[in-house]
Amino acid sequence: MEKETQPIDIPGNIPLLPIRDVVIYPYMILPLFVGRGLSIKAVDEALNKDRYIFLAAQKDSTVEEPDEDQIFTTGTVAMVIRMLKLPDGRVKILVQGVAKARIKEFHKDEQGFFTVDIEKIEETELSEISVEVEALMRTVKEQTERILQLRGIVSPDALSILEAIDDPGRLADLVASNLRLKVDESQKVLEIIDPIERLNHINGLLAKEMELSEVQAKIQTQAKEEMGKTQREYFLREQMRAIQQELGEVDEKSKEMDEYLQKIEKLGMTEEIKKEALKQLDRLKMMHQDSAEANIIRTYLDWMVDLPWGHSTPDSLDIKAAANVLEEDHYGLEKVKQRILEYLAVRKLNPDKKGAILCFVGPPGVGKTSLGRSIARALGRNFHRLSIGGVRDEAEIRGHRRTYIGALPGRIIQGIKNAGSNNPVFMIDEVDKIGQDFRGDPSSALLEVLDPEQNFSFQDHYLNVPFDLSKVMFITTANLIDPIPSPLRDRMEVIELPGYTDYEKLQISKRYLVPRQVKENGIDPDFIKFSDEAVLDVINHYTKEAGVRNAEREIGSICRKVARDIAERNSKRKKSYRITAKSVSKYLGVPKFLPEQERKEHEVGVSTGLAWTQYGGEILYIEASVLPSSEGKGGSLVLTGQLGDVMKESAQAGLTYIRSRAEQLGISPSFNREKDVHVHVPAGAIPKDGPSAGITMAVAVISALTNKMVRKDIAMTGEITLRGKVLPIGGLKEKTLAAHRNKVFDIIIPKDNMKDMEDVPPLVRKKVTFHPVSSMDEVLELVFVKN
């Protein structure tokens with residue numbers, strides 16, 4: 001197929017019109033608005049001559065007066081068909097692309113605009129269109145027609161023009177001019193000279209545009225369907241509402257809004273909080289009742305109206321009645337009871353006093369949590385317990401922001417809602433077991449909650465309004481004080497619950513544990529009796545704890561076996577059961593824990609020490625042996641019995657003291673070169689640490705070196721220094737009770753510990769003789785058997 005073309009006589013130098021955001025192709029007719037002064041002068045120059053003008057795209061459309069480097073060199077020679085001057089000074093021209101050309105050289109006219117020397121670009125002429133080219137042209141036409149249909153702009157005229165084109169180059173240019181390409185992409189198409197290559201490039205762009213147009217059409221269809229569904233539901237609901245009004249039925253939405261408004265008015269909110277609640281209520285009124293946003297606001301308003309903003313329970317300020325309640329529920333714990341009664345007394349004198357923030361620290365089973373319930377009962381307040389052991393997310397305390405799906409207030413605000421008043425006794429359990437990770441540090445969030453100077457305006461992320469926590473009495477519990485971060489520990493009044501003595505455990509068992517287990521197991525109290533010896537046997541031989549949790553479990557086990565025996569007899573005549581120390585093993589089996597065997601005689605190299613564990617006090621028999629040193633080696637100190645670093649250092653300090661005083665003690669000064677010293681602390685499987693066995697180990701070693709016997713009826717505790725001074729220790733009460741329980745009634749203690757004597761129960765204090773000492777010389781005067 002031959003292509004007939006008429007030669008076009010184009011001048012070699014014509015005015016340049018830089019154009020923005022569009023690329024003009026040959027044979028393309030379109031209007032242009034010209035507003036820049038130099039551009040208008042270039043158009044006038046073209047009209048004054050032969051109407052030819054060179055149209056080239058700007059590389060940057062924001063530049064007002066582009067230089068040579070900012071204009072693409074390949075463009076289109078166009079004929080200015082018509083010009084119209086507009087009232088605002090701009091001109092509107094109608095141009096038709098004539099041919100592609102390339103700028104050879106720029107010239108600046110006297111008036112300031114560019115004229116350019118151009119070189120016409122001749123395209124490759126096709127002598128014949130092959131089958132492949134014909135198929136490519138047909139594919140391009142079909143894709144173009146499909147895209148026009150998806151966009152909804154298809155017309156018979158456009159389709160007839162598309163079908164009439166039989167030149168690959170002109171077809172590529174026509175499609176490119178209608179594809180809404182970016183300037184860089186359009187310029188790239190313009191610069192491709194070979195028509196087949198240009199059509200192939202357009203085919204690739206059409207495939208991409210087809211995919212985009214299909215996705216766009218799908219989105220528009222879905223949006224129209226959704227809009228139609230929503231509008232239909234809206235009209236139906238409005239019709240339903242009109243019918244209900246005609247029938248005199250109540251509008252549920254208006255009723256709901258009125259209920260919210262009444263609750264907000266009655267709750268005693270501050271103006272700031274009330275303003276926020278009413279604002280959200282107004283938003284809810286404007287929304288469709290079933291929309292997702294309406295449900296979020298409705299949940300928020302439900303929380304707002306359910307919180308006790310202004311509701312407080314009156315405090316029971318009868319101090320005697322409160323003391324009776326505390327005595328009924330718990331035995332002992334005098335410090336805690338005194339602190340609660342002091343708080344009540346202050347509240348009575350100063351009703352505006354802020355809530356107390358206490359921290360109960362003690363081993364498991366001593367009654368920390370149950371004590372919180374008793375305090376709430378004594379004060380006449382509501383009680384809520386929150387366990388935060390293992391909590392790692394700060395949002396658990398402060399809540400999530402409402403932007404999150406399923407957001408809720410934090411557990412503090414949830415607890416206040418469950419308590420039903422703004423002044424409950426709020427117990428936070430396991431505060432020493434809080435974790436932290438990438439989601440935040442919950443202990444830092446608790447700083448505001450547990451600070452009386454800040455918690456009057458605690459702001460939960462979900463509510464986003466301040467809530468007054470200053471009336472709440474916060475009680476936290478922990479097993480250990482050390483893991484609690486120091487800023488948090490500083491905000492609380494720490495009250496230590498060290499654990500119960502055997503006598504206290506006996507009283508607690510008789511008053512609370514036995515009656516409760518008898519009742520829970522359905523046994524008539526008149527038909528079962530526990531002797532004191534039986535309860536003590538359970539405490540000492542079947543449990544090893546500071547509290548009474550396991551003791552109650554073992555007592556419950558005895559009651560269950562009695563209950564089974566009663567049920568199996570199934571007779572009207574009931575048998576009476578008396579639980580004695582001898583019969584305990586019948587119900588519970590062999591003892592689980594055996595006490596240290598009492599020393600039967602005075603011995604050389606064995607001294608009696610006192611230890612303090614989380615289960616209470618224990619006695620330790622420390623053994624020392626002296627052996628000849630191995631050949632060629634100096635004497636060494638061997639320590640066994642799973643001793644910690646502090647205890648090992650204490651033994652080393654004791655040995656150094658002995659070496660420094662060897663002559664005064666009647667020991668050979670060279671013993672450390674000639675003999676090995678071995679110190680062992682049974683039981684070997686139990687880890688031990690601490691400095692309080694310092695004087696005990698020193699006494700055992702001195703006894704072994706001097707061959708003097710240590711008294712079996714005296715126990716000791718105290719830290720030793722290199723100079724032989726005896727320093728104070730902790731846990732005097734527990735250690736004294738351990739000595740008393742093991743029938744040791746003489747105890748050597750550091751003189752500085754005399755202040756702790758008031759913690760020792762009076763009954764024990766009367767039976768035990770205390771020997772306060774300040775140096776090892778005084779200790780050695782007391783411990784050895786007089787010859």
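Tutor: Buried means under 20% relative accessible area, exposed means over 50%, and partly exposed lies in between. Keep in mind that this is a predicted model.

Student: Is aspartate 432 buried or exposed?

Tutor: Aspartate 432 has 10% relative accessibility, so it counts as buried.

Student: Which residue forms a salt bridge with aspartate 432, and how far apart are the closest N and O atoms?

Tutor: A salt bridge pairs a side-chain nitrogen of Lys or Arg with a carboxyl oxygen of Asp or Glu within 4 Å. Here the partner is lysine 433, and the closest N and O atoms are 3.3 Å apart. Lysine 433 has a relative accessible area of 37%, so this residue is partly exposed.

Student: How many salt bridges does the structure hold?

Tutor: There are 28 salt bridges in the structure. One of them joins the side chains of lysine 274 and glutamate 265, at 2.8 Å from N to O. Glutamate 265 is partly exposed because its relative accessibility is 44%. Another salt bridge is formed by lysine 755 and aspartate 756, with 3.4 Å between the closest N and O atoms. Lysine 755 reaches 61% relative accessibility and therefore counts as exposed.

Student: Which residues are linked in a network of salt bridges?

Tutor: Glu328, Asp329 and Arg377 are linked in this way.

Student: Which residues gather in a patch of negative charge on the surface?

Tutor: The patch consists of Glu65, Asp67, Glu68, Asp69 and Glu105. Glutamate 105 sits in strand E5, which covers residues 91–108.

Student: Why does glutamate 105 count as partly exposed?

Tutor: Its relative accessibility is 44%, so glutamate 105 falls into that class.

Student: Which residues of helix H18 are buried?

Tutor: Helix H18 spans residues 532–541, and its buried residues are Ala534, Val535, Asp537, Val538 and Ile539.

Student: What do the buried residues of H18 pack against?

Tutor: They pack against helices H17 (502–520), H19 (549–569) and H20 (584–588), and against strands E14 (528–530) and E15 (577–579).

Student: Now backbone angles. What is the phi of aspartate 21?

Tutor: Aspartate 21 is not a glycine, yet its phi is positive, about 65°. This residue lies in the loop between strand E1 (13–19) and strand E2 (29–34). Aspartate 21 counts as exposed because its relative accessibility is 59%.

Student: Where is arginine 51 placed, and what is its phi?

Tutor: Arginine 51 lies in the loop between helix H1 (37–48) and strand E3 (52–57). Its phi is near 70°, a positive value in a residue other than glycine. With 34% relative accessibility, arginine 51 counts as partly exposed.

Conventions
Residues are numbered from 1 along each chain as its sequence is written. This is a predicted model: local features need pLDDT of at least 70, side-chain atom pairs count only at pLDDT 80 or more; totals for chains, interfaces and linings use all residues. Side-chain values use heavy atoms; hydrogens and water are left out. Patches are made of residues with over 30% relative accessible area and no salt bridge: like charges are joined within 9 Å, nonpolar side chains (Val, Leu, Ile, Met, Phe, Trp, Tyr) within 5 Å. Accessible areas come from the Shrake-Rupley method with a 1.4 Å probe; for residues, only the protein chains shown count as cover. Lys and Arg count as positive and Asp and Glu as negative; His and the chain ends are not counted. The place of a charge is taken as NZ of Lys, CZ of Arg, CG of Asp or CD of Glu. Helices (H or I, at least four residues) and strands (E, at least two) are DSSP runs, numbered from the N terminus. Buried means under 20% relative accessible area, exposed over 50%, partly exposed in between (1.4 Å probe, protein chains only). Contact means heavy atoms within 4.5 Å.
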